[in-house]
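Subject: Structure for your review

Dear colleague,

Please find below the structure I am handing over to you, followed by an account of what was found in it.

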2 protein chains.
Amino acid sequence: MRTILVTNDDGITAKGLNCLVEAIKDLGNIVVVAPDGPRSAQSKAITVTTPLRYWKQYTNGNLTMYRCNGTPCDCVKIGMYSILDRKPDLLVAGINHGTNSSINVIYSGTMGAALEGCAEGIPSMGLSLCSYDQNADMTEAVRHSVKLIKKVLDEGLPTGICLNVNFPVGEIKGAKIVRQSRGRWQERFVEGTDPAGNKYYWLTGTFNNFEPDAEDTDEGTLKAGYASIVPCHIDLTHYQSVETLKSWNYDSQKV
Amino acid sequence: MRTILVTNDDGITAKGLNCLVEAIKDLGNIVVVAPDGPRSAQSKAITVTTPLRYWKQYTNGNLTMYRCNGTPCDCVKIGMYSILDRKPDLLVAGINHGTNSSINVIYSGTMGAALEGCAEGIPSMGLSLCSYDQNADMTEAVRHSVKLIKKVLDEGLPTGICLNVNFPVGEIKGAKIVRQSRGRWQERFVEGTDPAGNKYYWLTGTFNNFEPDAEDTDEGTLKAGYASIVPCHIDLTHYQSVETLKSWNYDSQKV
């Protein structure tokens, strides 16, 4: 029987995770290892200086849920190397409450988990709904997620590739396989003073899409009402620049 | 006068950071914003659910040092949007105590900071010595770092590119511009029981290089005694797979 490892970054009580699990519980052994609380924007952080712990939360038929005190990436490692006795057939992270398109992919704990699965050679995907509402309607996102999960179980994924899947809010017109948009957050800190009189700084910002008219991107696809599917990998090398930088004549010299 | 923003993931007291700052203090205004303690393997994690704080630690001439309660990535954001009134001319993260070659780049707090600078359009680099010894001899790594920092200040970097620089231990024969090695950690958890009788799990593992004979990689370069310089970017799209996955005929369909 197939084993599907599920995690998220919103924590084990999040609606997105629980709706997803309910919908896929007949597809195999479902093992959830999710953080014991919110771990948004934890990227691919792993816990190395303190120990991890995990607890069985719930079990019913093919479904077993564990909560863990670590990051989403830790949850994948705990799932693979402490709970399961074999590599799962699929890793799914989500459904996240909030977008992970464009530059968000580099901060996302959801995609951190998916990229960890990818590094381990497991077909992996991160699923996100473009709404930060913790009570968001998950119906459409769940329906599309189930279809995509079945497709990936049937077809597999290219080696070293995972999927960054984002769903628009409302009716979903279909899905498109696209690239990551170029964009960034225009950030600022809200400054405050705590009751003890000490200053604190709280991050906020607005997203700035550098290519708002590009239809072949995740942002463009979502704006048009389609789910975006971006194949991602963990090789950060910018190959073209390997050649460009050789023109420095810095390469191989005794420095 | 040029402004150089410096951070790390080993924390403000780390030898690697302090040796580097001492060596570059005449190159411009040096503003250090470093974590108040170790933040290894924090990747590109950012703090969004709790406030950040920072404190001036030290000031002398062109050098000002701040400590911050956040991640390396937070330190870059605090440096840019709260402390400095302009974009720095260069961002340097390190010198890290420990390798950030191959897959380590995705977990690295040092490279998390460099990639954050990169996303902000600042010429950025992460510098790491392949030794986890907190008292490691930094002489050679510092000498090479200063030379490379001067080169990047003179030449700039291609848009959207930062450098992942790793130094071998001992004498350094030169530097090579190369790609990220394929590899992964073969991981396991050391299981223990705390004084209260509760189980804990501590991550450990050994690195497995998938291409040990490849000379055009960071791992191959370091093994040969040279510093490795890998140009990195934040676009995780695997472009070849965008085309491959279109053969699914999943693209654009009403799902």
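Predicted model: local features only at pLDDT ≥ 70, side-chain atom pairs only at ≥ 80, totals over all residues.

Is B:Ser108 buried or exposed? Its relative accessibility is 3%, and because buried means under 20%, B:Ser108 counts as buried. Setting aside residues up to four places away in sequence, B:Ser108 touches B:Asp9, B:Ser43 and B:Asn100. With B:Asn100 there is a polar contact between the two side chains, at 3.1 Å. The side chain of B:Ser108 also reaches the backbone nitrogen of B:Thr110, at 3.1 Å, and in this way B:Ser108 caps the N-terminal end of α4(B). B:Ser145 is 37 residues from B:Ser108 in sequence, and the two C-alpha atoms are 18 Å apart.

**Helix α4 in both chains**

The helix that B:Ser108 caps spans residues 109-119 of chain B; eleven of its eleven residues are buried, so the rest of the structure largely encloses it. Among the buried residues of α4(B) are B:Met111, B:Leu115, B:Glu116 and B:Cys118. After α4(B) comes B:Gly121, with a positive phi near 80°.

In chain A, helix α4 (residues 109-119) likewise has eleven of eleven residues buried, and so it is largely enclosed by the rest of the structure. The buried residues of α4(A) include A:Thr110, A:Met111, A:Leu115 and A:Glu116. The N-terminal end of α4(A) is capped by A:Ser108, a side-chain oxygen of which lies 3.1 Å from the backbone nitrogen of A:Thr110. A:Gly121 follows α4(A), and its phi is positive, near 80°.

**The interface between chains A and B**

The size of an interface is often given as the accessible area lost when the parts come together. For chain A and chain B the buried area is about 8,000 Å², and carbon and sulfur atoms give 62% of it. On the side of chain A, the residues that lose the most area to chain B are A:Ile177, A:Leu236 and A:Trp248, which together make up 11% of what that side buries. The contact draws on 87 residues from chain A and 86 residues from chain B.

Between the two chains, 35 residue pairs are in polar contact, with both residues at pLDDT 80 or more. Helix α5 (residues 139-155) of chain A contributes the most to the side of chain A that touches chain B, with seven residues. By class, that side has 45 nonpolar, 20 polar and 22 charged residues.

**Salt bridges**

Side chains of opposite charge can pair when their charged atoms come close. Over all chains the search finds 26 salt bridges, and six are found across the interface of chain A and chain B. A:Lys77 pairs with B:Glu187, the closest N and O atoms lying 2.6 Å apart.

A:Glu120 forms a salt bridge with B:Arg184, where the closest N and O atoms are 2.4 Å apart. This pair crosses between chains, from the loop between α4 and β6 (124-129) of chain A, which holds A:Glu120, to strand β9 (residues 183-193) of chain B, which holds B:Arg184. Both A:Glu120 and B:Arg184 are buried.

Within chain B, B:Glu211 and B:Arg179 form a salt bridge, with 2.9 Å between the closest N and O atoms. B:Glu211 lies in the loop between β10 (199-209) and α6 (218-223) and B:Arg179 in the loop between β8 (175-177) and β9, so the pair ties together parts that are 32 residues apart in sequence. Both B:Glu211 and B:Arg179 are buried. In chain A, salt bridges that share partners join A:Arg179, A:Arg182, A:Glu211 and A:Asp216 into one network.

A salt bridge also links the side chains of A:Glu22 and A:Lys25 (2.9 Å, N to O). A:Lys25 is partly exposed, at a relative accessible area of 32%.

**The nonpolar core**

The largest nonpolar core has 74 residues, of which A:Val33, A:Ile78, A:Cys232, B:Val33, B:Ile78 and B:Cys232 touch the most other members. Beyond its neighbours within four places in sequence, A:Val33 is in contact with residues including A:Leu5, A:Tyr66, A:Cys75 and A:Ile78.

With kind regards

Definitions and conventions:
Residues numbered from 1 in each chain as written. Chains lettered and ligands numbered in written order. Heavy atoms only, no water. Contact = heavy atoms within 4.5 Å. Buried area = accessible area lost by both parts, 1.4 Å probe. Salt bridge = Lys/Arg side-chain N within 4 Å of Asp/Glu carboxyl O. Polar contact = N/O pair within 3.5 Å; in protein donor to acceptor, adjacent residues only side chain to side chain. Helix = DSSP H or I, 4+ residues; strand = E, 2+ residues; numbered from the N terminus. Nonpolar A, V, L, I, M, F, W, Y, C, P; charged D, E, K, R; others polar. Core = buried A, V, L, I, M, F, W, Y, C linked by side-chain atoms within 4.5 Å. Buried < 20%, exposed > 50% of the residue type's maximum accessible area, 1.4 Å probe, protein only.
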